[in-house]
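Please open the model in your viewer and keep the selection tool at hand. The tour moves from one selection to the next and states what is found at each stop.

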Amino acid sequence: MRFLIVGAHLRDEDVLGIAEPIACGAVWLSGIPLAGEQPLADRELLQSAARVRAELLGRATFIAIRYGFAATPAEAAAKCAPLAEGWKRVLEANRNNVEMTLKVVAREPKPRPDRHDFASGADYLRALHGATQAADVDPRFRDAVSEIGEHRWSHRDGRSLECALLVPRAEVERVHDAGERLKRDFPDVAFLLSGPWPLEVFVDHEP
Amino acid sequence: MSEEQDLSLLETLDHLLDRGVVIAGEAVISIGDVDLLYLGLNIVLANVDAVIRTGRK
């Protein structure tokens with residue numbers, strides 16, 4: 001039987017009763033059983049995966065595996081085995097942490113390059129990459145976000161940036177409060193604070 | 001479905017589909033000095049708007 005693999009977990013009891021625990025070296029994978037040749041683009045499956053992900057996070061922090069990895073338990077374990085030891089260390093170090101995400105609209109959104117303006121695909125892709133990297137936010141806002149806690153900024157596209165925050169579970173409310181203060185202090189900066197999420201960005205975080 | 005629920009569903013789907021460790025079919029392709037991540041996922045995903053519209057029915 002094939003399973004949609006949702007995440008990597010420290011203990012089997014982090015998964016039991018919510019999804020199928022699949023042994024993988026030093027960690028456990030969580031799997032959602034797939035019915036026959038059920039396509040991964042199935043809406044019900046997508047919504048079910050979102051629900052399972054939330055329930056798993058409610059029980060314990062895990063490393064998120066991007067939607068789309070479906071395999072038998074043996075195939076999944078073989079594919080993830082080389083990563084298992086590293087995942088175990090990350091999971092042990094971040095047992096009490098979750099991620100929160102701050103999406104911020106760029107200060108001067110860069111227009112997406114028009115592919116018709118370029119002679120080659122490489123030139124177009126270089127311009128696209130440049131537009132994405134050029135997006136920025138008010139440096140004072142960036143500083144204020146940095147004070148909330150451990151974080152990593154990344155460029156999503158030419159119009160927005162994203163900051164992933166690593167937050168102790170007990171401090172999620174503190175981060176929501178910090179978000180409210182940001183709204184007050186930077187009324188011109190449009191942003192969305194969401195979470196808690198599993199480890200999605202800090203998947204290599206070993207303090 | 002309220003605007004807040006819409007936003008929450010969109011955000012959840014965004015994280016589900018676009019975050020986390022990529023296991024299947026990952027390859028890095030470099031063109032010029034631009035590193036591109038090519039994901040060979042064997043799936044076809046519906047447009048998020050379509051998923052939400054269908055979810056309302």
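Select strand β1 (residues 26-31) of chain B: among the elements of that chain it has the lowest mean pLDDT, 47. Now select helix α1 (residues 3-18) of chain B, which has the highest, 78. Here pLDDT is the predictor's confidence in each residue, from 0 to 100, and helices (H or I, at least four residues) and strands (E, at least two) are DSSP runs, numbered from the N terminus.

This is a predicted model, in which local features need pLDDT of at least 70 and side-chain atom pairs count only at pLDDT 80 or more, while totals for chains, interfaces and linings use all residues. Residues are numbered from 1 along each chain as its sequence is written, and chains are lettered from A and ligands numbered from 1 in the order in which they are written.

**Stop 1: the rest of chain B**

Two residues are in contact if their C-beta atoms, placed from the backbone, lie within 7 Å. Where pLDDT is low, the predicted coordinates should not be read in detail.

Chain B contains 2 helices and 2 strands, and their pattern along the sequence is α-β-β-α. Of its 57 residues, 11% are buried. A residue is buried if 20 or more other C-beta atoms lie within 10 Å of its own, exposed if 12 or fewer, and partly exposed in between, with C-beta atoms placed from the backbone. For the complex, the predictor gives an ipTM of 0.79 and a pTM of 0.81.

**Stop 2: chain A as a whole**

Next, select chain A. Its C-alpha atoms fill a box of roughly 50 × 50 × 30 Å, taken along the principal axes. Of its 207 residues, 33% are buried. Chain A has 5 helices and 9 strands.

Colour residues 3-93 and 97-197 of chain A separately to show domain 1 and domain 2; such bounds come from an automatic or database domain assignment. The centres of these two domains, taken over C-alpha atoms, are 28 Å apart.

**Stop 3: a strand with two partners**

How many of the 7 residues of strand β3 (residues 27-33) of chain A are buried? The number is 6, so this strand is largely enclosed by the rest of the structure. Strand β1 (residues 3-9) of chain A pairs with β3(A) in the antiparallel sense over 6 bridges, and Leu4(A) has Ile32(A) as its bridge partner there. Strand β2 (residues 20-24) of chain A is also antiparallel to β3(A), over 5 bridges, with Ile22(A) opposite Leu29(A). Two strands pair if DSSP finds at least two bridges between them.

Between β2(A) and β3(A), the hairpin has 2 residues, and Gly25(A) takes a positive phi near 60 degrees.

**Stop 4: Ala81(A)**

From Gly25(A), move to Ala81(A), which is in contact with Cys24(A) and Gly25(A), leaving aside its neighbours within four places in sequence. Ala81(A) belongs to helix α2 (residues 73-93) of chain A. Ala81(A) counts as partly exposed because it has 13 C-beta neighbours inside 10 Å.

**Stop 5: the nonpolar core**

Which residues touch the most other members of the largest nonpolar core? They are Ile5(A) and Ile63(A), in a core of 54 residues. This core draws at least three residues from each of domain 1 and domain 2 of chain A. A nonpolar core is a set of buried Ala, Val, Leu, Ile, Met, Phe, Trp, Tyr and Cys residues joined through C-beta atoms within 7 Å.

Centre the view on Ile63(A): beyond four places in sequence, the residues that it touches include Trp87(A), Leu199(A) and Val21(B).

**Stop 6: the four-stranded sheet**

Finally, select the open sheet of 4 strands in chain A, ordered β7-β8-β6-β9 with antiparallel pairing. Its edge strands are β7 (151-157) and β9 (191-197), each pairing on one side only. β7(A) and strand β8 (residues 160-168) of chain A are joined over 6 bridges, and Arg152(A) has Ala164(A) as its bridge partner in β8(A).
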